[in-house]
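Let's take a walk through the aromatic side chains of this model. Have the sequence and the 3D view open as you read.

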Amino acid sequence: MSSLTKSRKGEHIRICLTKDVQFSKSNGFECIEFEHIALPEIDRDEIDLSTKFLGKKFDYPLFIEAMTGGTKLGERINKNLAKAAELLGIGMGVGSQRAMLENHALKKTYYVRDVAPNIFLLGNIGAVQLPQYKIDDIKNLVYEIDADGLAIHLNPAQELAQPEGDANWKNVLKHIKILTKSAKFPVVAKEVGHGISGYVAYKLVKAGVKAIDIAGAGGTSWVKVEKYRGKKDVSHIEEWGIPTAEALLDVLETVNIPVIASGGMRTAEDIVKALSLGADLVGMAYPLLKPATQSWKKVKEYLEKIIEQMKDIMVLLGCKDLKELRRIRIEYNNQL
């Protein structure tokens, strides 16, 4: 089993780097418009994008989404992402640690505290795998990599498309609740790119999760990724999912816990839009994958460019910090 999981991790990276696995539909943020402020009355050099998330200070409201682990390339990617995150004062998550559960020697491919001692770090395991392992083994995933919390990823569409996927989702919510009750760290529920609705978010909050990463549609489609692995006909669900902007609004209207907006977040404008709507952080993955295969400097350069662009947009909105950003007027040019 561990060799299969390890092989799958490597295939995922290769496919994402070489194949078209992006949604055809957008993340939905083109439906949102800002009002241009011709007289901003602020100094760009004084813009403060710092924030807090689950008690941890972030210099910028950005989160590097879970991508990989379990292979040598995955180890290099995680280290490069983590070092960039440390230097910028942001957070990150590692990829699914299932491979580490099956082969403890793979722990090193997820461990990043040697290069990022101070960042907010999330471990990761699939929700559908929770019934298959002892709860203490699940909790140890956090302790063994010195993480701050655990992301539980919800990926039913990916599992259905995966050649060796698990289609049995009975009692998963019960196991999430068991974990949150016994864990001494925050549990974050996340999708992998098909979105979380307000209805599901409500059930997750009742089960004890402390934050939600909506991971909406509009970016990487893991159904398409798995299609390249198994040659399975998944055309009927390739575009399945809730666009990120729609999922974000639904979740924010339904629950009152921290929310990460991710899923096709490719531009500084989309990031600022998500923050203005009320997202606590904005997550990115795919745009950072190729830079992370090269060096931490490339990752840092990419993120620094995004940050500088965010500051430009803040000037054009007349907002010096995130508190002011969340008060501005937003217009909708289409029905979400």
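**Rings in the interior**

Start at Phe58, which is buried, with a relative accessible area of 0% (buried means under 20%, exposed over 50% and partly exposed in between, with a 1.4 Å probe and protein chains only). Before going on, a word on the ground rules: this is a predicted model, where local features need pLDDT of at least 70, side-chain atom pairs count only at pLDDT 80 or more, and totals for chains, interfaces and linings use all residues. Residues are numbered from 1 along each chain as its sequence is written, and side-chain values use heavy atoms, leaving out hydrogens and water.

Now for ring pairs. Rings of Phe, Tyr and Trp (its six-membered ring) pair if their centres lie within 6.5 Å; planes under 30 degrees apart count as stacked, over 60 as edge-to-face and the rest as tilted. That rule gives 4 aromatic pairs here. In one of them, Phe53 and Phe120 have ring centres 5.5 Å apart and planes at 85°, so they meet edge-to-face. Phe53 sits in strand E2 (residues 51–53) and Phe120 in the loop between helix H3 (98–102) and strand E6 (121–126), so this pair ties together parts 67 residues apart in sequence. (Helices, H or I with at least four residues, and strands, E with at least two, are DSSP runs numbered from the N terminus.) Phe53 is buried at 1% relative accessible area, and Phe120 is buried at 3%.

Back to Phe58: its ring centre is 6.0 Å from that of Phe120 and the planes are at 50°, so this pair is tilted. Put together, Phe53, Phe58 and Phe120 make one aromatic cluster.
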